[in-house]
Structure formats: C-alpha cells, structure tokens
Amino acid sequence: MKNGRLSEFAGRDGTRTVLASIVSILIGLVVGAIVVLIVGLTSDNITLTGVWEGIRLIFAGIFSTGRNAAGGLSFGFNPTNVGNMLFRATPVIMTGLSVAMAFKTGLFNIGAPGQYLMGTMASLMLALGIPSDVVPAGLVWIIAFLGGILAGAVWGSIPGLLKALLNINEVIACIMTNWIAANVVTWAFDVSNFKNLAENTKASYVYRTTYNGVQTPKFGLDELFPGSQVNGGILIAIVMAILIYILMNKTTLGYELRACGSNRHAARYAGIRDKRNIVLSMAIAGGLSGAGAALYYLSGNTEFFWNTYQSLPDTGFNGIPVALLAANNPIGVVFTGIFMSMLDIAGLQLTSLTAYNEYITDVIIAVIVYLSAFSLVIKTLISGRRKKKAVEVQTAAAVEDGSSGPAGPEAADSGPPDVPDPDIPEDAQSRKGGAEA
Amino acid sequence: MTFLIQQTLLYAVPLMIVALAGVFAERSGIINLALEGIMIFGAFAGVLFVNIVQQTDVFMAASESGNWLALQGLELLAMLAAAVMGAIFSLLLSFASINLKADQTIGGTALNLMAPALVLFLVRLIANQNTLRMAEGDSASWFMIRKTNFGYDRTADLGFFGNTFVDRVYLATYICIILFIVLSIILYRTRFGLRLRSCGENPQASDSLGINVYKMRYAGTTISGALAGMGGFVYSLTTANCTANGDVAGFGFLALAVMIFGNWKPLNIAGAALLFGLFKCISASYPSIDINGDGVYLLNEIGLSAHFYRLLPYLITILVLAFTSKSSRAPKAEGVPYDKAKR
C-alpha cells in the first residue's frame with residue numbers, strides 16, 4: 001500500500017468489485033472442498049486418497065486428463081474439456097446477459113427459463129420446419145436464430161407489460177410465465193412431427209437440427225479444440241455481450257433504461273417514458289435468453305427433451321448467479337459465464353473419476369451467490385488499511401450477532417449499560433461504505 | 001365430489017401454510033424469496049428422518065401390528081424435524097439480510113440454489129440415486145388414516161362428511177389447518193403479532209417505541225423458515241409419496257404468488273390457496289373427476305388437451321392478479337434493510 005498508484009488502483013470501485021467477486025469465488029471453492037472433506041471423512045466408502053482427489057478436481061477439474069497408468073489423477077491441458085467448457089458457457093453467458101440487463105434496469109428477470117424455453121421452441125421448429133433443400137441451410141440458421149430471439153422477446157415482454165400497465169410484481173409474473181412456457185412447449189412438440197422417431201431410444205427428444213442440415217458454423221474452433229462440441233456460438237455470445245455493453249453505457253436509450261432502474265418516478269419526471277422502458281428492457285432481456293437457447297440447440301449436436309412440463313431448464317436459472325457474480329457488467333458476464341461452465345466440467349470430472357457427484361459444483365455456485373449478496377461487506381473488508389480497524393469492529397459485531405442466532409440482539413440489549421451497543425459501529429461503518437459506493 | 005375435495009386439500013394445504021410462512025417474513029420486513037429452497041430442504045430433512053427412524057424396532061413393530069397411533073406419532077416427529085431444519089436453514093437468510101444488510105432477493109435466490117444442490121448431493125451419496133425414498137413401504141400404507149383405524153368395516157358408508165374428512169386422509173393436513181388458524185390469530189390478535197407487523201411497516205417508529213427490530217425480524221424469518229420447512233415435508237408426504245429429490249415442483253414460488261394474490265392477509269390466502277389447489281387438482285386428475293356423481297366425466301368428455309389443464313392454474317393466477325393487483329398492498333418496509341441511522 002506504500003505505492004501510491006497501486007493503492008489508487010486498489011481503491012477504484014471497479015477493482016474492488018472484481019476483487020470482491022474473486023474473494024467470493026475462492027471462499028465458495030474452499031467451502032466446496034470442506035463439504036467434500038466432511039462427506040469423505042464421515043462416509044465409509046471414501047478413502048482419504050479419494051478426498052484429496054475430490055479436492056484437487058474441484059480446484060483444477062478443467063485441467064484433468066483422466067487417470068494415468070498408475071491409477072492416480074493426471075493433469076495437463078485438455079483441449080476437449082476446454083472446448084466443451086466454451087460450448088457450455090455460450091447459453092449461460094446469454095441468460096446471464098439477460099438477467100444482468102434486467103437488473104440494470106431495476107427488474108429481477110427470474111423468467112429467463114421460460115424465455116429460454118420459448119426460444120428453444122421457436123428456433124428448433126424453424127430450423128427443422130423450413131426444408132433446407134429449398135432454402136439454403138445458412139439462411140435457415142439465420143431465420144431460426146432470429147426466430148428464437150423474437151420468441152424470447154415476446155415471452156419476456158409479457159411480464160414487462162403486466163408490470164407496466166397493471167402493476168403486477170414482475171417476479172410473480174415471470175414465475176407464472178415460466179410454467180406456462182414449460183407447458184406450452186411440451187404441448188407444441190407433442191402435437192408436432194419433430195419428435196425423433198428415427199432412433200428408437202430417442203423418442204422423448206426432438207430431432208437434432210443436423211437432420212435438416214442446419215448447424216452453427218465452427219469458425220475453425222473445432223481444430224483448436226479437437227474432440228469437443230465447441231462452435232462459433234461462443235464468438236456470437238461475446239459479440240452480443242459487447243453490443244449490450246455499448247447499448248447500456250454509450251447510448252441514450254441505455255441511459256434512459258438505467259435511469260428507470262434507479263428511480264422510476266424521477267425518470268418519469270425527467271420526461272422518460274417509464275412504462276415503455278420497462279416493457280422494452282424485459283423484451284431485450286427475453287430476446288437475449290431466447291438467443292442463448294437458439295445458439296445451444298442450433299449447434300447440431302444437442303438434443304432437446306421435449307416433455308419438459310414438470311421442470312424448467314437450469315440454464316435459465318444459472319443466468320442469475322452469472323449476472324450477480326459479474327456485478328451485472330455485460331463484459332464481466334462473459335468471464336463469469338465461462339467460470340460457471342468450468343465448474344460444470346469440474347463437476348463432470350468429479351462424477352466420472354471419484355465417488356462424489358456433480359451437484360457439489362451447484363453447492364459451490366450457491367455459496368458464491370450467497371456471498372455476492374453482501375459483496376459490499378467484502379468490498380469494505382478489502383479496501384485499504386485505513387479503515388481496517390473499523391471494519392474489524394464491524395465484522396466482530398456481525399459475527400457475534402450471527403453466531404448467537406436470534407437471541408443475539410436481545411442479549412446486546414439486556415446487557416449491562418456500560419457495554420457499548422455493538423450496533424452503533426456497524427451502522428456508522430455501513431453509512432461510510434454507502435457514501436463511498 | 002369427495003375425491004375432488006380431498007385432492008384439492010392435498011394441494012391447497014401445503015400452499016396455504018407456506019404462503020403463511022411468506023406472510024410472517026414479509027410482515028416483519030424481510031422478503032423471503034427462499035420459500036422454495038426451504039421447502040426442498042425441509043422435505044429432505046423430513047424424509048430422511050422418516051427413512052432413518054422407521055427402521056428402528058419400535059416403528060417396525062408398530063407397522064406390522066397395525067398400531068396406527070404410533071405411526072401418526074412418527075409423522076408428527078418428522079414434521080417437527082422438517083420444521084426445525086427449515087428454521088435453521090432460514091437463519092442463513094436472516095443473517096445475511098438482517099445483520100449484513102444484504103440484498104434480500106439475492107440472499108433468497110442463493111438459498112434457492114443451495115437447497116436443491118445440497119439435497120441432491122447428499123441424496124446421491126445416501127441413496128445412490130437421485131431420489132430418497134422411505135426405507136420401507138410408502139406414505140399411504142404407513143401414514144394414511146383410514147376408516148378401518150376407527151373400527152369401521154371396510155365397506156361401511158360414513159356419509160358424505162365422514163367419507164371426505166375421516167377416511168383416507170393425512171393427519172398432517174389437519175395439523176397444518178390448525179396451525180394456520182392459530183398463527184393467523186397470533187399475527188392479528190396478540191401483542192407479538194402487532195409488533196411484528198409494525199416492523200414491516202415502519203421499523204423506525206417501532207424502534208422508537210422500544211421494539212427490537214432485529215429481534216422481530218429474526219422471529220419473523222425463523223417462524224417463516226419453520227413453516228416452510230414443514231410445508232415442504234407435508235407436500236412430499238401427501239403428494240409425492242414421501243420422497244425427496246431436490247424438487248417441490250415450484251410450490252414455493254406458487255406459495256409466493258398465493259401470498260401476493262391473497263394480499264398478505266391470512267383469510268384471503270386461504271381462499272387463494274383453495275382456488276389454486278382446485279385447479280391443480282383438476283389438472284392432475286381431470287379424467288377421473290365426477291362432479292355430481294352421475295357417472296359422467298364431464299371434463300374428460302369436453303375433449304380439451306391435458307396440456308391445457310396443466311397450464312390452467314398458472315394462467316388463472318395471472319388473470320386473477322391482473323384484476324386484483326391494483327388494490328394489492330405490500331408491507332411498506334419489506335425488502336429494506338433496517339438502518340437505525342435513517343429516519
């Protein structure tokens with residue numbers, strides 16, 4: 001901290017946000033490792049070697065190359081894993097962008113799963129329905145991609161309209177439209193003739209788009225990462241992220257959308273059409289989710305399980321942690337999306353190589369999201385020495401309150417009068433932090 | 001008709017009790033988006049409890065000798081276990097949103113992500129598959145109350161009332177209804193309830209009158225967690241055959257909708273839950289519903305697709321919300337972390 005430029009760099013809000021996210025990620029991974037350790041120690045059929053292998057895979061699963069001749073884990077650059085990571089990151093980046101974009105405009109888009117499903121339905125039906133011997137396959141791909149975006153946008157604008165016109169909480173409207181979408185999609189594919197009848201074992205899946213000769217171009221990525229599913233979708237996702245960044249930060253429309261998010265009434269007073277903007281931002285968010293679905297299912301090597309009315313796609317919900325971890329920054333979403341799918345790959349390695357299963361990575365993600373909920377506290381913790389002492393008081397108070405559970409505040413109140421109230425420094429500190437942010 | 005009422009109650013009661021859980025949290029000023037997650041966790045805790053305890057000699061003997069009172073005791077204990085675990089799980093939300101003043105929506109979302117992940121991780125390790133079942137038998141054979149339990153003959157007709165509310169029912173349903181009534185009275189007719197509600201409307205004023213806002217909010221979310229955890233187990237017991245697979249079919253979110261739809265008031269919530277339960281029941285079993293008992297299965301003969309009935313509950317909720325939302329009023333201070341320094 002003696003270096004002035006360094007401390008200036010560390011003091012910047014953006015830097016602190018990134019650092020807070022990294023701290024959250026590290027704590028999340030450590031918690032995951034602890035869970036693996038506890039489970040391993042209490043379980044009879046997991047040895048200490050197994051525990052150690054599980055912990056190593058949590059931190060470095062992406063570099064896993066399986067087992068060597070001696071039976072131990074081997075690590076190194078694994079092009080298949082990296083390629084699959086990029087492929088799986090594509091839809092999550094898009095739903096993450098969707099959630100982040102809505103958050104920036106003050107809306108909680110928990111409707112990403114429904115928008116994703118509608119995008120899936122539209123793009124698959126267009127890609128399989130337009131005969132590719134009449135229309136060139138490349139054009140079919142573009143039509144299906146745009147159709148997916150449009151379907152997602154329409155589905156996203158429904159909660160937007162309900163909120164703008166009828167003042168219905170968008171969270172509830174999104175949840176209802178999610179389940180309606182799940183039923184509509186099942187219904188539509190049930191009566192369609194896109195069900196895979198060519199392969200006996202695939203009856204509950206829709207045809208792959210390659211049946212109609214439609215697939216996302218690879219742009220040479222398959223030669224970079226041989227043996228993986230990667231295609232040009234990841235590049236399109238990155239371009240979309242940059243476009244959303246420009247839209248939100250460099251255009252008048254983006255400014256208006258963000259103004260509505262900060263204070264809807266103030267924005268209206270300033271002459272911004274708040275109702276139109278709410279619908280518009282939900283439509284854009286829905287379009288992004290739909291695009292994610294289109295990029296995933298138009299790749300040609302993915303299959304859609306159409307009988308989905310009892311469950312919603314995880315990809316939609318995973319957009320929420322991706323956006324939160326990136327602090328709703330569109331460029332950050334690209335990195336956190338790739339990070340999430342890296343955890344995904346680590347989970348698969350864990351399932352195939354050890355006695356553990358892939359759900360531990362979901363636990364890690366949940367811990368990270370939980371930590372990002374109070375990223376402000378973490379930010380204050382890592383910002384400079386000057387406030388270190390005050391922060392210590394604050395965390396001590398917080399820990400004290402938390403560890404003693406519901407009785408904590410009561411104990412503080414009924415304590416002897418000469419003991420200072422632990423709430424006071426905490427409040428003073430949070431006011432300070434609020435002024436800085 | 002008997003069938004329709006029984007099925008409707010099976011769906012409506014968990015919704016009702018979990019929506020009341022939401023009311024306790026939101027009336028104290030904390031948005032509890034984690035209802036779904038807490039339900040999942042509670043269902044897991046309850047099923048695991050049943051799975052472990054039913055293997056003890058006492059209950060195996062009770063099951064074999066038909067000692068149904070002992071089995072009802074086991075059911076009650078499992079409900080209690082689910083409530084306790086739900087309350088403990090909800091402390092994560094209370095700690096983040098009360099002590100650390102974190103964003104409550106994000107905290108709730110984190111719990112919603114955490115519960116299914118943790119439950120599936122543990123279930124896979126315990127049961128070696130994705131669903132945790134009872135160790136022996138199923139929920140109907142162990143826990144369902146039948147008229148034969150009261151000494152009636154298998155063919156006896158107890159009349160409409162008896163057939164509907166005494167035969168083939170679960171004790172859990174009635175416990176939940178009683179709890180719902182008692183807790184509603186506590187919320188509206190006691191000093192504690194008034195104080196809790198005041199913290200959700202104007203915490204600064206409550207604080208100035210010597211009410212500990214933090215304590216009240218902890219109380220609200222903890223009661224909320226206990227009810228949601230119990231509701232999760234009741235859902236799993238009565239409609240999912242006492243299994244836990246990290247999923248409660250979106251019932252936690254539906255309960256949130258029921259709560260908003262019921263305008264944060266217990267009586268309206270009961271009505272909303274019954275309406276929703278009715279449509280859920282219709283979607284689940286419309287081909288076999290015989291409304292007036294004349295042997296005509298009307299809903300089946302209309303010839304509408306099953307998919308239509310399945311999306312009906314959600315569509316109806318949106319439509320009803322569209323007509324009632326103008327008059328809906330959320331607790332004023334919900335979602336705002338309490339800061340003593342603010343006025």
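How many of the 343 residues of chain B count as buried? The share is 51%, where buried means that 20 or more other C-beta atoms, placed from the backbone, lie within 10 Å of the residue's own. Keep in mind that this is a predicted model, in which local features need pLDDT of at least 70, side-chain atom pairs count only at pLDDT 80 or more, and totals for chains, interfaces and linings use all residues. Residues are numbered from 1 along each chain as its sequence is written, and chains are lettered from A in the order in which they are written.

**Chain B overall**

- Chain B has 15 helices and 0 strands, counted as DSSP runs (H or I, at least four residues, for helices; E, at least two, for strands) and numbered from the N terminus.
- Its radius of gyration is 21 Å, close to the 20 Å from the globule rule for 343 residues, so chain B is as compact as a globular protein of that length; the radius is taken over C-alpha atoms, and the rule is 2.2 Å times the number of residues to the power 0.38.
- Along the principal axes, the C-alpha atoms of chain B fill a box of roughly 70 × 50 × 40 Å.
- Take the contacts in chain B between residues at least 6 apart in sequence: 80% of them join residues at least 24 apart, a contact being two C-beta atoms, placed from the backbone, within 7 Å.

**H2 against H11 in chain B**

- H2(B) (residues 35–53) and H11(B) (residues 213–239) pack at about 60°, with axes 7 Å apart; axes are lines fitted to C-alpha atoms over the stretch in contact, and angles run from 0 to 180 degrees between N-to-C directions.
- Among the residues making this contact are Phe41(B) and Gly42(B) of H2(B), and Gly229(B) and Phe233(B) of H11(B).
- By class, there are 12 nonpolar, 7 polar and no charged residues here (Ala, Val, Leu, Ile, Met, Phe, Trp, Tyr, Cys and Pro are nonpolar, Asp, Glu, Lys and Arg charged, and the others, Gly among them, polar).

**Where chain A meets chain B**

- On each side the tally is 49: 49 residues of chain A are in contact with 49 residues of chain B.
- H7(A) gives the most to chain A's side, with 11 residues.
- That side of chain A has 30 nonpolar, 11 polar and 8 charged residues.

**A look at Gly148(A)**

- Gly148(A) is in helix H6 of chain A and counts as buried, with 33 C-beta neighbours inside 10 Å.
- Beyond its neighbours within four places in sequence, Gly148(A) is in contact with residues including Gly119(A), Ser123(A) and Ala291(A).

Conventions
A residue is buried if 20 or more other C-beta atoms lie within 10 Å of its own, exposed if 12 or fewer, and partly exposed in between; C-beta atoms are placed from the backbone.
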